[in-house]
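Work through these exercises with the structure open. Try each task before reading its solution.

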Amino acid sequence: MIRVPGPRCQTPIHEGETATLPARVGMGEDRHRLTPGGPLRLGGIEIPHDQRLSGHSDADALLHAVTDALLGAAALGDIGELFPDTDAANRDRDSAEMLRVCRQRVVEGGFRIVNLDCTVLAERPRLSPYKEPMRQRIAEILAVAPSRVGLKAKTGEGTGCVGREEVIEARCVVLLARVGSGAGEPAGG
Ligand code: MG
């Protein structure tokens with residue numbers, strides 16, 4: 001077999017760094033049940049509401065979707081492997097802290113975040129006033145510019161488990177690129 005080298009496209013990622021394509025894409029999704037009693041913790045912020053999300057950790061479905069997208073892009077497993085719900089240490093655990101740990105692993109693997117795009121689905125409360133604070137918070141946790149974080153909010157249009165206000169769902173797609181030094185690049189990666 002004859003191997004033909006493809007184009008090695010250099011693109012600026014952060015100040016003083018370039019990354020070599022091909023990049024790595026990852027996706028994550030999550031949902032948690034709503035239960036009476038606020039506030040609602042979502043996207044790393046607290047939102048005034050009469051319901052909150054329930055789960056083993058703090059149940060922040062949006063941060064969990066971002067975490068799984070990062071892990072998926074770097075082929076590092078999933079959030080349940082890193083933070084099993086059978087471990088009492090993860091009870092009520094801060095999802096921002098879990099995301100920081102995953103980001104660190106991704107960075108140590110030689111990757112940098114190019115951008116991410118998130119969608120959160122909630123019938124109530126109306127999330128539009130909170131989109132910008134959530135976007136800023138996610139960027140802060142990931143140590144990237146807010147311009148690299150996209151966030152859309154949708155309702156369930158009264159249908160399905162989102163529309164019945166049983167759950168809030170979140171999805172995220174993330175693009176990673178290797179840093180130019182190739183630090184930590186896995187063989188064959
Ligand atoms: Mg979750």
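This is a predicted model: local features need pLDDT of at least 70, side-chain atom pairs count only at pLDDT 80 or more; totals for chains, interfaces and linings use all residues.

**Exercise 1.** Check the span of α1 against 1.5 Å a residue, then decide how enclosed the helix is.

*Solution.* Step one: α1 has 13 residues, which should span 18 Å. Step two: the end C-alpha atoms lie 18 Å apart, so the two values agree. Step three: count burial, where a residue needs 20 or more other C-beta atoms within 10 Å of its own. In α1, 13 of the 13 residues pass, so the rest of the structure largely encloses this helix.

**Exercise 2.** Which residues of α4 are buried, and how are they arranged around the axis of α4?

*Solution.* Start with the length. Helix α4 runs over residues 131–142 and reaches 17 Å from first C-alpha to last, close to the expected 16 Å. Next, list the buried residues: Met134, Arg137, Ile138, Ile141 and Leu142. Viewed down the axis of α4, they fall within an arc of 125°, so they line one face of the helix. Now look for their cover. It includes the helices α1 (61–73) and α3 (95–108), along with the strands β3 (40–42), β4 (45–47), β6 (111–121) and β7 (149–154). Finally, step past the helix: just after α4, Ala143 has a positive phi of about 60°.

**Exercise 3.** How many helices and strands does the protein chain have, and in what pattern?

*Solution.* Count five helices and eight strands. Then read along the sequence: β-β-β-β-β-α-α-α-β-α-β-α-β. Of the 189 residues, 38% count as buried.

Methods:
Residues are numbered from 1 along each chain as its sequence is written. Helices (H or I, at least four residues) and strands (E, at least two) are DSSP runs, numbered from the N terminus. The expected span of a helix is 1.5 Å times one less than its number of residues. A residue is buried if 20 or more other C-beta atoms lie within 10 Å of its own, exposed if 12 or fewer, and partly exposed in between; C-beta atoms are placed from the backbone. The arc is that of the directions from the helix axis to the C-beta atoms. Two residues are in contact if their C-beta atoms, placed from the backbone, lie within 7 Å.
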